[in-house]
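Here are some notes for anyone opening this model for the first time. Have the structure on screen while you read, and take the points in order.

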Amino acid sequence: MDTDNNAGKPGFMSRIIERGKKCYAYFTDGVWADPRNNLGTRIVKTLNLTLSAFFNSSLQNKSMSLTYSTVLSIVPAFALLVAIGRGFGLQDLLQKQLYQFFPSQGQGITAALKFVDSYLNTATQGVFVGVGIVVLLWTVISLLSSIEDSFNSIWGVTRQRTIYQKFTDYIAICLMVPVLMICSAGISIFMSSVVQDHINLPFLTPFVNLGLEFLPFALSWLAITLSYYLIPNTKVSFKYAAVAGTVAAIAFQALQMLFLNGQIYVSKYNAIYGSFAFLPLMLIWLQLSWLALLTGCMIAYSMQNVFTFNLMGDEGSISNRGWHNVALIVMAVCCRRFADHEKPLSQQTIAVQYYLPIRIVGRIFGILRKAGLIYEVNMGNDETGITPAIETEGFTVADFKKAFDNAGVTDFIADFRNLYAGMLDEIEPRREKAYAVFDDLLVKDLELPSPEHIRQAMMAETKAHR
């Protein structure tokens, strides 16, 4: 009897498999059409973006590029660290820490220290004094510039720091990081010696030891968090940088432990592979460390912009009409708010309120800025708004299309205009007539849906698909 009643119903396992398929479809694709602003949706989107970023070939390529730059910068950076350590009288402390960090590479470290001494002597004597310092700083600064470019690429930032800003900021980092490392080591030794030798309170020793063991993680977290917060040439929320810094610091410490244990394991085979056994392990560790750092940067970006990720496909698949439409929407928003004497909106706010992909909006802003149509204004509290750089009263859609189409270099081949004069002479007049069709439409008067209307429409669409 029960068998007949249940004959038309799917089995238990079938229901479980079907539910699993629905959950997988939602976690991978469906969540990007879900406009709900709640904790569960944010977590799913953030995890989706993080996993996608970790396995993204672009991020893998960036980590390999940074690994190459790091290898080139090891000796100059090491020389800078030793030079500053000598200035503080802590060269022996630095050498002790290096031997502890690379327990199985004592001979290599000794040879490296001799090489650094030779490098510093050459860089500070005779005609090489100026050239040596310039080469040393340029190598380290180029590494920092590569890190900034990678972070800016993740954040979709097209605006670069000026040469002066790079010089001052990078020099400050080059000087401050070694000082902080030396000070942290000094604090560790000071705390250990004071508690053990001068303070007769045995019950404090376990807490001090625990604090000393936690100190490297705390310093890694602080350095990574500040990197996420300061290096990208855009406004980054400190709370998201701190959360991402925690994840990246844990990954970095785990990789460091694997690296230390790997050295001991590899040292057993040094008789076969010789001193080269250390190099592949170091390169793998460097690449995984950079990949963890870049993934953490992606986490910070994902958490801050999680509700502007409504496009996860390939940007290259978007048609030229699609790019023009998004650019016109963005320009219309800026012109409308300027004409109505309203506060300019930031890139992120425009993307959120008008349900536009944040990466597309970021690229559109770069094109509009290049075309001379917009510029950024400081709104206070580290907030940047976007406002028109043209007079909005007579600015038509035709004017916009001309400026947008001509942003960048047109004659990118030498004598391009003369080579293809016949074709261009036929095309250009017709193109101008095509622009003229839009002369009667002012950009500020274009009809735009309100952000509230967009939100309600997306909520209704989400409910309809459930």
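**Notes on the model**

1. Start with the whole chain. Of its 466 residues, 36% count as buried. Keep in mind that this is a predicted model. You'll find 19 helices and 2 strands in the chain. As for contacts with a separation of 6 or more, 73% of them come from residues 24 or more positions apart.

2. Next, a pair of helices to look at: H13, which covers residues 320-339, and H16, which covers residues 397-405. Their axes come within 11 Å and cross at roughly 120°. An angle of 65 to 115 degrees would count as roughly perpendicular and one over 145 as roughly antiparallel, so H13 and H16 are oblique to each other. The crossing of H13 past H16 is right-handed.

3. Which residues make the contact between H13 and H16? From H13 come Trp323, His324, Ala327, Leu328 and Met331, while H16 supplies Val397, Phe400, Lys401, Phe404 and Asp405. Sorted by class, that contact has 7 nonpolar residues, 1 polar and 2 charged.

4. Now the cysteines. How many disulfides does the structure hold? The count is 0. Take Cys335, which is in no disulfide: the nearest cysteine sulfur belongs to Cys334 and is 6.8 Å away. A disulfide needs the two sulfur atoms within 2.5 Å, so that distance rules out a pairing of Cys335 with Cys334. Cys335 is buried, with a relative accessible area of 1%. Cys23, on the other hand, counts as partly exposed at 33% relative accessibility.

5. Is His341 buried or exposed? With a relative accessible area of 75%, His341 is exposed.

6. Tyr355 is another residue to check for its backbone. The phi of Tyr355 is positive, about 50°, although Tyr355 is not a glycine. You'll find Tyr355 in the loop between H14 and helix H15 (358-370). At 25% relative accessibility, Tyr355 counts as partly exposed; the exposed class starts over 50%.

7. On to strand S1, residues 374-380, where Asn378 is found. Asn378 is exposed, its relative accessible area being 66%.

8. Last stop: Ser289, in helix H12 (residues 278-304). What does Ser289 touch, once residues up to four places away in sequence are left out? The partners are Phe252 and Leu255. Ser289 has a relative accessible area of 11%, and because buried means under 20%, Ser289 counts as buried.

Key. Residues numbered from 1 in each chain as written. Predicted model: local features only at pLDDT ≥ 70, side-chain atom pairs only at ≥ 80, totals over all residues. Heavy atoms only, no water. Buried < 20%, exposed > 50% of the residue type's maximum accessible area, 1.4 Å probe, protein only. Axes fitted to C-alpha atoms, helices over the stretch in contact; angles between N-to-C directions. Helix = DSSP H or I, 4+ residues; strand = E, 2+ residues; numbered from the N terminus. Parallel < 35°, antiparallel > 145°, perpendicular 65-115°, else oblique. Left-handed = near helix turned anticlockwise from the far one by under 90°. Contact = heavy atoms within 4.5 Å. Nonpolar A, V, L, I, M, F, W, Y, C, P; charged D, E, K, R; others polar.
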